[in-house]
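Hi everyone, thanks for coming. Please have the sequence and the 3D view open while I talk.

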Amino acid sequence: MRFHKTLIPTLKEDPVDAQVVSHRLMLRAGLIRPLGSGIYTWLPLGLRVLRKVEAIVRQEMDNAGAQEVLMPAVQPAELWQESGRWDFYGKELLRFTDRHDRPCCFGPTHEEVISDLVRREIRSYRQVPANFYQIQTKFRDEIRPRFGIMRGREFLMKDAYSFDLDAEGLDASYQSMFAAYQRIFQRCGLAFRAVEADTGSIGGASSHEFHVLAESGEDVIISCDQCDYAANLEKAIAAEADAEAGEAAAPLEKVATPGQKSIEEVARFLQLPMDRLIKSLLVETPAGPILLLVRGDRSLNMIKAANALKLPQVTIPDADRAAYWAGVSMGSLGPVESRLPVVADHELRNLRNFVCGANEEGCHLRNVNWQRDLPVPQFADLRNVTAGEPCARCHSGRLQRHQGIEVGHVFKLGDKYSKAMNVKVLDSQGNEQILVMGCYGIGVSRIVAAAIEQNHDANGIRWPRSLAPFQVELILMNPRDSNEAATGEQLYQALQQAGVEVLLDDRDERAGVKFKDADLLGCPMRLLVGGRSFKEGMVELQSRAGDLSQRIPIQDALATLLPLVKGEGHG
């Protein structure tokens, strides 16, 4: 491909509204351009990278035995109503009506559609296990799209769905997809981690997320430094604290804490560490308000709270509404003689002589103990774990905290959709049997951004070889020189004939401009034709990674470059 005939609108400066590296570099390198909020046009070089990710995903899915289909992006509401998700999914679901006033949505995912297909077309146990996948545009109406294609509203996704007779079959399908995902991310040149995850709006029994490790990642990953335990923040657990020994129950006392509202203020006022206090948080649910308790130095995880209460979600009301429900301001709210249902974090089970709000303005209770001063509540996992806590799995390691970009998610759905939508086959005895499902998603377009987040420097992108838009950028330093132009053209044609993807920078620009653009675009190898080297019968070969720079005779350029492009050497 010739630079001067290709739309590669590079920018010298960072766009002011781009917050993360991948967004800035994708705009500066001319890979994408915005059309609307969270909606982007993919330009020629960006599309080449996207298609390479697609090809890797498609190859590994095919190798794993999945069958490719293409399902409609627009889905009728009745399918979602049948599964029960039409009212549950939330405002991210783009809903509209067609000209006949039939409600529809633009699919963010396709569990309902594939379930409808399978119940119509698969009738016998002999036709399963079966796994169907597609690579298709999805739309989720994010309230705050940001970070470019990392969290856009429209994106390219691979979603696959497996169907099995029983849980044992589902386990096999799940492991097959898990292994395929590992191969996909390895081939994309990504440093990644698979972690236990919450199933979210998709539902199901269990799931894993695949995260690309990057400081810019929005997701928090917890892992153990001694064993293979890893989970996202919504799923991560820590070892429960042992029962405290040797501390007798002290007399309960009410203490005045005038003007002290926050946990930090109360702890400082009473000269106590924050882990001796209980934080009382009121949340609203469809059944009414509930009081949730966590240790003073911990934070509530809203997804864990919703899961503990077996609800789609819980919300924290504003201060006025919370005070209305509680009868007291939040700074003085506590569980003793509470008129609200109480659920406490597991960590509080063995806590003694703790401090909590007294349900009286400007007062707290000191030396509170379960059973003596208030009923033992229901306990659940409610809080965010923190770095340094002991691992609940091996008990010898300590938990670590990382940032990650979610690029894949696999779920064991079980019969959540197949039962609701009556997806069944006849078994070997002629009896009807509900199939069990798995769901497997990969953010194809997000992988492009994630790869940049992991592979860049101050000058631009440093593509992994497998994703680079071109393997080689061939730079003519002075295309007006007929000898340089002729040599460049010969090398360009020879590289193409050898099957090398090459971008020929034949623009009539200064060499410095071309070098800066080459750094920005990030092709793994660079071949320079011109200058003093050319006069001496040489060309210059450089790697974008900076680990190779050498002069070679022009006639040896192809033989030297081909092994490097094929991964047999540097670059």
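I'll go through aromatic rings, then charges over rings, then the nonpolar cores, and finish with one glutamine.

Before we start, please keep in mind that this is a predicted model.

Let's begin with the rings. A pair of aromatic rings is described by the distance of the centres and the angle of the planes. Here the count comes to 11 aromatic pairs. One of them joins tyrosine 181 and phenylalanine 185, with 6.1 Å from centre to centre and 90° between the planes, an edge-to-face arrangement. If you look for them in your view, go to helix 5, residues 167-187, where both of them lie. They are 4 residues apart, which is about one turn of the helix.

Is tyrosine 181 buried or exposed? Its relative accessibility is 0%, so tyrosine 181 counts as buried. Phenylalanine 185 also comes out at 0%, and therefore counts as buried.

Now move along to tryptophan 370 and phenylalanine 379. Their ring centres are 5.9 Å apart with the planes at 90°, so this pair is edge-to-face. Both of these residues are buried.

Next, charges over rings. Have a look at tryptophan 86: the charged end of arginine 95 sits over its ring, 4.8 Å from the centre. Further on, lysine 416 lies over the face of tyrosine 417, and there the distance to the ring centre is 5.4 Å.

On to the nonpolar cores. Which residues touch the most other members of the largest core? That core has 61 residues, and the ones to highlight are Leu31, Tyr181, Phe185, Ile447, Trp463 and Leu467. So two of our ring residues, Tyr181 and Phe185, come up again here. Take isoleucine 447: leaving aside neighbours within four places in sequence, it is in contact with Val53, Phe185, Cys188, Leu190, Val407, Ile442 and Leu467. Apart from this core lies another one, of 26 residues, including Leu93, Val118, Leu413 and Val425.

Last stop, glutamine 67, which you'll find in strand 3, residues 67-68. Its relative accessible area is 43%, so glutamine 67 is partly exposed. What does it touch, beyond neighbours within four places in sequence? The contacts are Asn131, Phe132 and Tyr133. Glutamine 67 and tyrosine 133 are 66 residues apart along the chain, yet their C-alpha atoms are separated by 6.0 Å.

That's my tour, and I'm happy to take questions.

Technical notes: Residues are numbered from 1 along each chain as its sequence is written. This is a predicted model: local features need pLDDT of at least 70, side-chain atom pairs count only at pLDDT 80 or more; totals for chains, interfaces and linings use all residues. Side-chain values use heavy atoms; hydrogens and water are left out. Rings of Phe, Tyr and Trp (its six-membered ring) pair if their centres lie within 6.5 Å; planes under 30 degrees apart count as stacked, over 60 as edge-to-face and the rest as tilted. Helices (H or I, at least four residues) and strands (E, at least two) are DSSP runs, numbered from the N terminus. Buried means under 20% relative accessible area, exposed over 50%, partly exposed in between (1.4 Å probe, protein chains only). A charge sits over a ring if NZ of Lys or CZ of Arg is within 6 Å of the ring centre and within 35 degrees of the ring normal. Contact means heavy atoms within 4.5 Å. A nonpolar core is a set of buried Ala, Val, Leu, Ile, Met, Phe, Trp, Tyr and Cys residues joined through side-chain atoms within 4.5 Å.
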